[in-house]
Amino acid sequence: MTSPRFSIAICTCNRAQLVHRALEGLFQQTYAKDQFEVLVLDNLSKDNTQEITENWAEKTQGQVKFISQPEIGLTKSRNKAMEIAKGDFVIYLDDDAKPSPTWLDGYAELLTNHPNCDAAGGPVILEWETHRPSWLRENEENWYTGLDLGAKEFRLQYPKFPYGANMLWRKSIIEKLGGFDPDISYDASTQALIPNDDMHLTYLLYRMGGEVWYTPKAPVHHWIAAERTTVPYFLKKAYYQGVADVKVYRALEQPNATREMGKQTLHILAFWRAKMMRRCMAFNPESLYYVLFRAKEEYNRGFLDEWRRNAPRSSTAVD
């Protein structure tokens, strides 16, 4: 099998230094340099993202390309990358993620082993700017896009799918599925940064029988800025994850009164359980279990708020 040609898409806004860090990682790859291109899709940055990207373009004889993307939204940038990519496979890399030197080799090996692979992902290793929050348990690193599914490659099954920080797609499959759905993405006005368009598209692929794989040999290091480790940020993130999950559910499921009532009831009960558990504890906003139950409370609040906004049937609000 010939080496696959990759198009690596970095979607960004006002994070020039992180883009520079990601590009450094890409040009430390052991993979053949003539077998990949890098697309930096800029969402109206006001910093020096364009200058940094164009400097890299000059150093790499055009292997890096700066693309201005004036339409706000991560999903629209992801779709733009898919449209202009020249590679057979598009790999989406978060602007705050730095790939390991053998990252592309890992993906190439996976595709050799599994030529029918349509989408894939690898580990996302969290790298803290200051320190890991004392209230974040290891099995909850997924809140920050942390992903470690073990030391062996295997075919993924729902609900375990790759994260958008480090995901590969066969270009023809994205096109066949119609691209990422902007209605599943986050509302930019909230700055909540909880897009679920990647989960939605992967589930569509999974439902049609496509192959989704995990490889431990394609890790990235995901930078977590200090301001993202505060409890208020974490609780806001939990709330908008609930909002995002409703959007995916609405896009995938056909209306069914019984199922809708059951799902709403489960989230109402989960909300009140978390609220009651928190109220039974001594007030300590930095303690592990206090934050855990506050996050569960906010997640279910977000879910129910979005459910009520978009459901044609009456819904019960929570206070």
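This briefing walks through the sheets, helices and cores of one structure.

The model is predicted: local features need pLDDT of at least 70, side-chain atom pairs count only at pLDDT 80 or more, and totals for chains, interfaces and linings use all residues. Residues are numbered from 1 along each chain as its sequence is written, and side-chain values use heavy atoms, with hydrogens and water left out. Helices (H or I, at least four residues) and strands (E, at least two) are DSSP runs, numbered from the N terminus.

**The eight-strand sheet**

- Eight strands make an open sheet with mixed pairing, in the order β3-β2-β1-β4-β9-β6-β10-β8. Two strands pair if DSSP finds at least two bridges between them.
- β3 (64–68) and β8 (154–155) are the edges; each has a single partner strand, so one side of each lacks a neighbour in the sheet.
- β4 (residues 89–93) runs antiparallel to β9 (residues 166–170), with five bridges. Here L93 stands opposite N166 of β9.
- β1 and β4 pair in the parallel sense over four bridges. I8 has I91 of β4 as its bridge partner.
- Five of the five residues in β4 are buried. Buried means under 20% relative accessible area, exposed over 50%, and partly exposed in between (1.4 Å probe, protein chains only).
- Both faces of β4 are covered, with F89, I91 and L93 on one side and V90 and Y92 on the other.

- Contact means heavy atoms within 4.5 Å.
- Axes are lines fitted to C-alpha atoms, for helices over the stretch in contact, and angles run from 0 to 180 degrees between N-to-C directions.
- α4 also packs on the sheet. It touches β1, β2, β4, β6 (117–121), β9 and β10 (211–214), and its direction makes about 130° with that of β1.

**The three-strand sheet**

- A three-strand open sheet has the order β5-β11-β7, with mixed pairing.
- Its edge strands are β5 (97–99) and β7, each pairing on one side only.
- From one strand to the next, the twist averages 30°.
- Helix α1 (residues 16–26) packs on this sheet, touching β5, β7 and β11. Its direction makes about 10° with that of β5.
- β7 (residues 124–128) and β11 (residues 220–224) pair in the parallel sense over five bridges. V124 stands opposite V220 in β11, and E127 has W223 as its bridge partner.
- One face of β7 is covered, with V124, L126 and W128. The other, with I125 and E127, is uncovered.

**Nonpolar cores**

- In soluble globular proteins, nonpolar side chains tend to be buried together.
- The largest nonpolar core has 63 residues. Such a core is a set of buried Ala, Val, Leu, Ile, Met, Phe, Trp, Tyr and Cys residues joined through side-chain atoms within 4.5 Å.
- F6, Y92, W103 and W169 have the most contacts inside this core.
- Helix α4 (residues 103–113) gives the largest share of the core, six residues.
- Leaving aside neighbours within four places in sequence, F6 has contacts that include Y31, F36, F89, I91, L104 and L168.
- Another core lies apart from the largest one and has 20 residues, among them V246, Y249, A295 and Y299.

**Helix α6**

- The axes of α6 (residues 197–207) and α7 (residues 231–252) come within 10 Å and cross at roughly 35°.
- H200, Y203, L204 and R207 in α6 meet V248, A251 and L252 in α7.
- D198 sits in α6. D198 is buried, with a relative accessible area of 9%.
- Leaving aside neighbours within four places in sequence, D198 is in contact with R78, Y163, G164, M167 and F180.
- D198 and Y239 are 41 residues apart in sequence and 19 Å apart in space, C-alpha to C-alpha.
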